[in-house]
Amino acid sequence: MADKASLANRAPLIEARGLTVHLPGAERAILQGVNLAIRPAEIVTVVGPNGSGKSTLVRSILGHVTAQSGEVERRAGLRIGYVPQRVHVDDRIPMTVRRFLSLPRSVSDADAAAALARVGAEGLQSRQIARLSGGQFQRVLLARALLNDPQLLVLDEPTQGLDQPGIVAFYRLIEDIRRETGVAVLMVSHDLLVVMRASDHVICLNGHVCCHGTPQAVSAAPEYQALFGADSAETLALYRHDHDHAHDGALLNARHDHEHDHGPQHECEAHGHA
Ligand SMILES: Nc1ncnc2c1ncn2[C@@H]1O[C@H](COP(=O)(O)OP(=O)(O)OP(=O)(O)O)[C@@H](O)[C@H]1O
């Protein structure tokens, strides 16, 4: 995790205040009064059940969806790399990885090769996009998002369709990239255990912000446990402590630095329903 005090002192790259979003056809507001700030080099993760508004929040922050009230302030000239939840690739239209990396903006062969190498997908340039495995495709999407040297990476469910080792490896890659480049990361994910482990700040969303704080604080919060069940908190606590011995199973690929939790830090702030 990044040093918390130094993160907190940095001005946000992007900040949402009081975002309320109604979408046409929806009976009620999809987001209500949501606040969110992402600072340089910070990994912020949004978790929440299906339909809780995670993608809508991401799309509002990116300006793809107009909020009925509230505001999004972004640093002037902010460069964002975005990996959307769904990318439709028509497999009837041939498209190589190299060509895909030049959409929508043309990039040099050297930059394309460097971006692929950075995400562990070197040598895929001539492969057809439609024939990549799920894990390869996610890495190519990430490579494309890195091409404009972003200050903020936005990843909406980036590990969909990956198996557990693939999920762990992907988040590890994100942590490495953050460490090397200082890029900030906003992620939406269902992979509670792995993604919360990699996060500086977790936001638990269910139309409004139910609670937020460090992974430890959120996993101990009653609002989080009401949404995901007390078991999820126990499993996270176990995972975080269980690092001194050989592990079986996929999680053994996760980074095990010695980071002890000392119980909930009571950082979660309950936000009432509007
Ligand atoms: N374009 C739209 N018009 C009307 N309602 C929408 C639209 N897009 C999403 N919704 C509704 O808004 C709610 C939130 O959707 P959203 O995709 O933001 O949730 P999510 O938390 O990302 O869900 P998931 O985890 O299933 O991806 C859902 O009830 C969804 O049906």
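**A loop and its surroundings**

Tutor: D149 lies in the loop between α5 and β6 (152-156). Helices (H or I, at least four residues) and strands (E, at least two) are DSSP runs, numbered from the N terminus. The model is predicted, so local features need pLDDT of at least 70 and side-chain atom pairs count only at pLDDT 80 or more, while totals for chains, interfaces and linings use all residues. Residues are numbered from 1 along each chain as its sequence is written.

The backbone of D149 deserves attention: its phi is near 50°, a positive value in a residue other than glycine. Most residues other than glycine have a negative phi, and most peptide bonds are trans. D149 counts as exposed because it has 11 C-beta neighbours inside 10 Å. In this scheme a residue is buried if 20 or more other C-beta atoms lie within 10 Å of its own, exposed if 12 or fewer, and partly exposed in between, with C-beta atoms placed from the backbone.

E157 is not a glycine, yet its phi is positive, about 50°. With 18 other C-beta atoms within 10 Å, E157 is partly exposed.

The protein chain is divided into domain 1 (4-79 + 151-253) and domain 2 (93-149), with bounds that come from an automatic or database domain assignment. Nine residues of domain 1 are in contact with eight residues of domain 2, where contact means that the C-beta atoms of two residues, placed from the backbone, lie within 7 Å. On the side of domain 1 that touches domain 2, helix α6 (residues 164-181) gives the largest share, three residues. By class, that side has five nonpolar, three polar and one charged residues. Here Ala, Val, Leu, Ile, Met, Phe, Trp, Tyr, Cys and Pro count as nonpolar, Asp, Glu, Lys and Arg as charged, and the others, Gly among them, as polar.

V168 is found in helix α6. With 23 C-beta neighbours inside 10 Å, V168 counts as buried. V168 and V194 are 26 residues apart in sequence, yet 6.5 Å apart in space, C-alpha to C-alpha.

What lies between the two domains? The largest nonpolar core has 69 residues, and those with the most contacts inside it are A143, L152, V185 and C204. Helix α5 (residues 134-146) gives the most to this core, with seven residues. Domain 1 and domain 2 both give residues to this core, so it lies between them. A nonpolar core is a set of buried Ala, Val, Leu, Ile, Met, Phe, Trp, Tyr and Cys residues joined through C-beta atoms within 7 Å. As for C204, the residues it touches include V47, G48, C210 and H212, leaving aside residues up to four places away in sequence.

Helix α4 (residues 109-118) has A112, A115 and L116 as its buried residues. These cover an arc of only 100° around the axis, which puts them on the same side of α4; the arc is that of the directions from the helix axis to the C-beta atoms. On the other side of α4, A110 and A117 are exposed. The cover over the buried residues of α4 includes α3 (97-101) and α5. The loop between α3 and α4 holds P104, which a cis peptide bond joins to L103, with omega about 0°. Just after α4, G120 takes a positive phi of about 75°.

Elsewhere, helix α2 (residues 54-61) is mostly covered, with seven of its eight residues buried; K54 and T56 are among them. Around the ligand there are 13 residues, and the closest are L23, N50, K54, S55 and T56. A residue is near a molecule if its C-beta atom, placed from the backbone, lies within 6 Å of it. The shell around the ligand has four nonpolar, eight polar and one charged residues.

For the chain as a whole, there are 10 helices and nine strands. Buried residues make up 38% of the 274 residues.
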